[in-house]
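Please open the model in your viewer and keep the selection panel at hand. The tour below moves from one selection to the next and says what is found at each stop.

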Amino acid sequence: MVARASRGLSGRVRVPGDKSISHRALMIGALAVGETRIAGLLEGEDVLATAHAMAALGAHIERTADGIWHVDGVGVGGFSQPAGPLDFGNSGTGARLCLGLVATTPIAATFTGDASLQTRPMARVTAPLEQMGARFSGTNGDRLPLLVTGARAAVPIAYELPVASAQVKSAILLAALNTPGRTTVVEPVATRDHTERMLKAFGAALEVAEEGGGRRIAVTGFAELKPQPVTVPADPSSAAFPLVAALITEGSEIVLENVLLNPTRRGLVDTLIEMGGDIEIANERQSGGEPVGDLVVRSSRLRGVRVPAERAPSMIDEYPVLAVAAACAEGRTEMAGLAELRVKESDRLAAVAAGLRANGVTVEAGEDSLVVEGMGTPPGGGVVETHMDHRIAMAFLVLGLAARAPVTVDDGTMIATSFPAFTDLMTGLGARLGEPRDAA
Ligand SMILES: O=C(O)C1=C[C@@H](OP(=O)(O)O)[C@@H](O)[C@H](O)C1
Ligand SMILES: C=C(OP(=O)(O)O)C(=O)O
């Protein structure tokens, strides 16, 4: 795909539902007794893979013509042995959270995924889940495909997260639901807390205590989960693309409606405001147990900032597009604490650095840091390798809207994993996106 210099993005749009909340709504709905109705579910490939997995484990899942998803759950401990492998496609969240679900259920299941997912580390979840009694075997070290044998008699653990990861935390909390006694997870830095919020709403026995900058979360097993209606707010990680696009293309003013503003997810918005971004948060309210608001965004002259390491978990998926904003700012932007970017759908630190260099931007990439020299208007003109990574594709298409020369990404197909309507939504706002063969 190719993106060309654009001006005056305008319109009022709602990006699709939050990916993290969508995965959890299907999984926790599958564990409740009775029907959970989900409005605004993200219908991207990652979430659809989770829906298939829940159905393969015995939940009844149906989408009605009004767009509502109905999940008829089997109850905690009620999953049945799937007939074939569970394929999570490109999705780390789907695979890791579901490993937690199966780990304490007495069934066996093979977990697999696409070429990107098969390179991603799973030991971070299999290590604590083994302590709870699950067994994992495979031929590729800790990587997928893995055969998981759930514990017959699961044991509760007290676990301190070695990496700031909501996926690891959530895998353990979900495993704890079918484990007798009290399982405790301590996270030194707060990560997204959608699992905790949703489990509480469904009636799980869950306690959260603030501890320093982090949290201690305890789950007592065997509570019955009661179905709850879930309304999924717009995904801030998807909103990030039109948000940055409007800031860096001249003469733009857009409104992004109903965006999730959970404090564990709003690092990008806060950083862009620090950079001088004209972002107004209107109509702040609560929706389905989460804070949401409308973002009014106008083109802005951005300036470089220092983004502290402790902010990383609250914007971990947004660094590729932040780096694009930084390239279009005046001055240097320094980002620290980025080690986790190396183990996402691609090595995002390397992919961002290579993509920016290909478009004439000066970048310094350290082991876990990135420094981008802002250029106001970058030259562009490069071809970016996306490495099966949706966020790399979308971030560099956004760069192309503000660069002097068009920016090409080698493959736009992975965008469908998290934001299938990306191209339509962006072109609807006035962005010039297309295939290289299309007329300029
Ligand atoms: O829990 C979640 O829904 C997610 C957690 C993050 O991963 P880590 O837990 O690996 O940081 C994030 O990158 C991913 O897109 C979604
Ligand atoms: C890291 C991401 O997703 P996942 O870990 O679920 O593959 C992402 O969507 O940016």
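Predicted model: local features only at pLDDT ≥ 70, side-chain atom pairs only at ≥ 80, totals over all residues.

Begin by colouring the two parts given by the domain assignment, which are domain 1 (2-16 + 235-434) and domain 2 (19-220). The centres of domain 1 and domain 2, taken over C-alpha atoms, are 28 Å apart. Where the two meet, domain 1 brings 21 residues to the contact and domain 2 brings 24 residues. If you select the side of domain 1 that touches domain 2, you will find eight nonpolar, seven polar and six charged residues there.

Next, select ligand 1 together with its shell, which consists of Ser 20, Thr 93, Ser 165, Ala 166, Gln 167, Ser 170, Arg 192, Ile 316, Asp 317 and Glu 340. Both domain 1 and domain 2 give residues to this shell, so ligand 1 lies between them. Which helix supplies the largest share of the shell around ligand 1? It is helix 5 (residues 166-176), from which three residues come.

Now move the selection to ligand 2, whose shell is made up of Asp 46, Asn 90, Ser 91, Gly 92, Thr 93, Asp 317, Lys 344, Glu 345, Arg 391 and Ser 418. As you look around ligand 2, note that its shell has no nonpolar residues, but five polar and five charged ones. Domain 1 and domain 2 each contribute at least three residues to the shell around ligand 2.

From here, go to helix 1 (residues 19-31) and helix 3 (residues 92-103), which pack at an angle of about 30° with their axes 11 Å apart. That angle is under 35 degrees, so helix 1 is roughly parallel to helix 3. The two helices cross in a right-handed sense. To display their contact, select Ser 20, His 23 and Met 27 in helix 1, which meet Thr 93, Gly 94, Leu 97, Cys 98 and Leu 101 in helix 3. This contact between helix 1 and helix 3 has four nonpolar, four polar and no charged residues.

Show the side chains of Phe 241, Pro 242 and Ala 245 in helix 7, which meet Phe 422, Leu 425, Met 426 and Leu 429 in helix 12. The residues of this contact between helix 7 and helix 12 are seven nonpolar, with no polar and no charged ones.

Finish with two points of the backbone. Select Leu 144 and Pro 145, where the peptide bond is cis with omega near -5°; Pro 145 sits in the loop between strand 8 (135-137) and strand 9 (146-149). Then select Asn 283 in strand 16 (residues 278-287), which has a positive phi of about 60° although it is not a glycine. Both stops are worth a look because most residues other than glycine have a negative phi, and most peptide bonds are trans.

Conventions. Residues numbered from 1 in each chain as written. Chains lettered and ligands numbered in written order. Near = placed C-beta within 6 Å. Nonpolar A, V, L, I, M, F, W, Y, C, P; charged D, E, K, R; others polar. Domains from an automatic or database assignment. Helix = DSSP H or I, 4+ residues; strand = E, 2+ residues; numbered from the N terminus. Contact = placed C-beta atoms within 7 Å. Axes fitted to C-alpha atoms, helices over the stretch in contact; angles between N-to-C directions. Parallel < 35°, antiparallel > 145°, perpendicular 65-115°, else oblique. Left-handed = near helix turned anticlockwise from the far one by under 90°.
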